[in-house]
Amino acid sequence: MQGLIDRITSLPEWYFELGRIDVTFAILMLAGVIATIMSWKGRPGMLVGAAYVVVAVVLAYFMSFQAAVGLGMIASIAALLVPNIHPEHGTISWFNDPRARGLIAQIILFLLVTFGIYAMVTNTIVNLERQNIASGFGFLNQTAGFGINQTLIPYTEESTYGQTFIVGLLNTILVAIVGIFLATILGFIVGVARLSKNWVINKIAYWYIEVMRNVPLLLHIFVWYFAVLRAVPDKRDKWSLFDTFHLNIYGIWAPEPLPGPMFWMTVVAFLAAIVIAFILAKLAKARQMRTGETFPSFWVGLAIIIILPLAAFFATGSPLDFEHPKFVAEGPIFKRGFEFQSGLQVIPEFIALLLALSIYTAAYIAEIVRAGILAVSHGQTEAANALGLRSGPTLRLVVIPQALRVIIPPLTNQYLNLTKNSSLAVAIAYPDLVAVFAGTTLNQTGQAVEIIVITMLVYLGLSLVTSAIMNWYNSRIALVER
Amino acid sequence: MKVLSRVALGALVAAGFATSASAATLDDIKKKGHVQCGVSQGLPGFSNTDDSGKWTGIDVDLCRAVAAAVFGDATKVKFTPLSAKERFTALQSGEVDILSRNTTWTMGRDTALGLNFAGVNYYDGQGFMVPKKLNVKSALELGGASVCTNTGTTTELNVADYFRSNNMKYEVVAFEKADEVVAAYDAGRCDVYTTDRSGLAAQRLKLSKADDHVVLPEIISKEPLGPVVRQGDDQWFNIVKWTHFAMVNAEEMGVSKANHAEMMKSANPGIKRLLGTEGDFGSKLGLGNDWASSVISQVGNYGEVYEANVGPNTPLKLARGSNALWTKGGLQYAPPVR
Ligand SMILES: N[C@@H](CCC(=O)N[C@@H](CS)C(=O)NCC(=O)O)C(=O)O
């Protein structure tokens, strides 16, 4: 990470030398031209042209930007004019070749886009400089100086803005992942309940969906936050469950697990158990394909996943301690209540945001699940029954796989929405990326352009990762066409 | 995804092309016919809308005074409510011409943001408010407290410094909007509410039982609050700076909204220069010679504005203290009109 920050920090001077930007542009252009050309197979003339372009730009590197563009252009056109041999039609002139014309259009478009980006970047830099606004990424190494009330990595006021970024990012990811998990479970339950023949269950699900998705999310967040705050005991009091889990206005307090030095064995055993269960399932399936004999691979796998880590855990002497939150009942008024940094504190801002996000998103997921199940025609069930499948396997092997195909794409959408909606956190002081980085850090440093760009890239990245995972899953369960 | 990338592009375009920090803010303002003034989202006494939706407060009056100086008409001003977080970006991007929003003058803001502070219209310091029932006498007893405050403020940094240097544990809960800070403090999420002491006096009025809360005696920071403009336009900077000075000078010379008509006939050379019956100081600002005269006849002098908005007879009940004139032992001091 440090290396990355260093590298980013060294950008400003690099950028302020406008000459270097020109070179950057030229190289970008070159890369584009070459990429376009390379993607076009079977045209020897174009390879010659590409060579021209390379030579032109390498020459231009030692001259000026204008020369680079000029030579690059001439080289591209010259490349096109080189008589070329079409695999089927022999020699044809380039302007009668639709592929050549398409290529020219692409090159022109690429040049325009590159120039647009180039103009914006330089213009921004020049404007910031003219307005005397600090720029660059050096601020990432400066001391932040403010406190944050939920940090998944060690963080103090002496940490840097780079670290506030990580703190915010992890907080966003945390609420998004747990939120997606809860919303999916709740959404599936409500979606199935919505199809129930039981009138009461059906109507409850119906009203849940109608009410939840018609109330704006921000209102959900406020209602949960202030409802939670008003309902629970104050700081110097608590509700306890088994004297282990506690709740008050400062959140949920629970024992914090402190893994001992040998705890990694348990983790390894757990991972190994998953792999074993997976292989077992594969083998069992192959055997079933071959011989028709079934094997309860799910239950056996589950047993392995539970028993193996437990065995490792006890064999290494139970290397896990718990630190209980310390509750102070006497003494100075502000020291009473749970002591900060003792045990595990789940702040009420997180709880409220999580509840609001999952309950709201679950309403949409429920509709998606309902649509998915309804999309599988009843004939499929009848056909499965006719083949002698019982209702369990019918559901598991026939209905659900087909329903999932309809459910996954819109479900991905909801996951993306939930992640992006988590940025409403700032309204109730949950320290997510937008609150601590695009909020506090932006304001304290004043470097809006850099910070907004970074923040947008992060959300883009999170969305792309989510989509990639879901698309992978989707293609795995997709209908295999033969 | 497509939408996201489009938004990204839009932001870049905005950053790249939409810099309206042209040198001649005054010309632009004259062309559009009003001053665009950035204020808070509602801080009684400083910038707040009354029941009829009219903006009132000491920060608001400063903007009115600038409009009076420019147009001879204090009503030619429009207000943009801004959160602490948004304010500097709004000024930098040209969304507002002047930021008058209880904003602390700090070195960082003055030098790194491309902005200039044009004066101090309220000398303040940061304080703490706690529920009376906790029976706390000093801020040094606050170890272990959780503290509610606004994001994007000097407050957030001062409180960290204070607790750290006094070796006290704390938890900070930082909201974007002041109303949510009030609501969370009121609900008991925090033991302590911290911000500028003037802000505490104002926000206290929004609590369900204002009298159940006290402001502790400690002042943990210097918070000189004042109007801000963009760097690079000295004329506009001068206009805002001297509008404030004119109001302070007027108080010092005893010129007020009430006696303005009489004072126009005054033989005192200092008053004559201020009100423009002698000399041509207005033209050096690019304004009419009656610029300060309009400010005082339409808005009033500094003391009048103070008393009407935050003084002892208002709900905020703030004594003049550091904001008294230098002749009365305070810090308000203006260079002479000469
Ligand atoms: N003077 C400090 C704090 C200014 C500030 O934003 N204070 C809050 C709390 S008093 C406020 O004005 N809230 C009113 C609002 O957000 O509209 C600064 O410049 O950073």
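Start by selecting residues 1-20 of chain A: in this predicted model, their pLDDT (the predictor's confidence in each residue, from 0 to 100) stays under 50. For this stretch the model has 22 contacts beyond four places in sequence, where contact means heavy atoms within 4.5 Å. Now select the whole of chain A, which averages a pLDDT of 78, with 79% of the residues scoring at least 70.

A word on the ground rules. Residues are numbered from 1 along each chain as its sequence is written, while chains are lettered from A and ligands numbered from 1 in the order in which they are written. Local features need pLDDT of at least 70 and side-chain atom pairs count only at pLDDT 80 or more, whereas totals for chains, interfaces and linings use all residues; side-chain values use heavy atoms, leaving out hydrogens and water.

Next, colour chain A by domain: domain 1 (2-130), domain 2 (161-255 + 324-477) and domain 3 (256-323), with bounds from an automatic or database domain assignment.

Keep domains 2 and 3 of chain A on screen; their C-alpha centres lie 28 Å apart. Where they meet, 8 residues of domain 2 are in contact with 4 residues of domain 3. Together the two domains bury about 400 Å², 51% of it on carbon and sulfur atoms; buried area is the accessible area (1.4 Å probe) that two parts lose on being put together, summed over both. Finally, select A:Pro255, A:His324 and A:Gly343, which lose the most area to domain 3 on the domain 2 side, together 75% of what that side buries.
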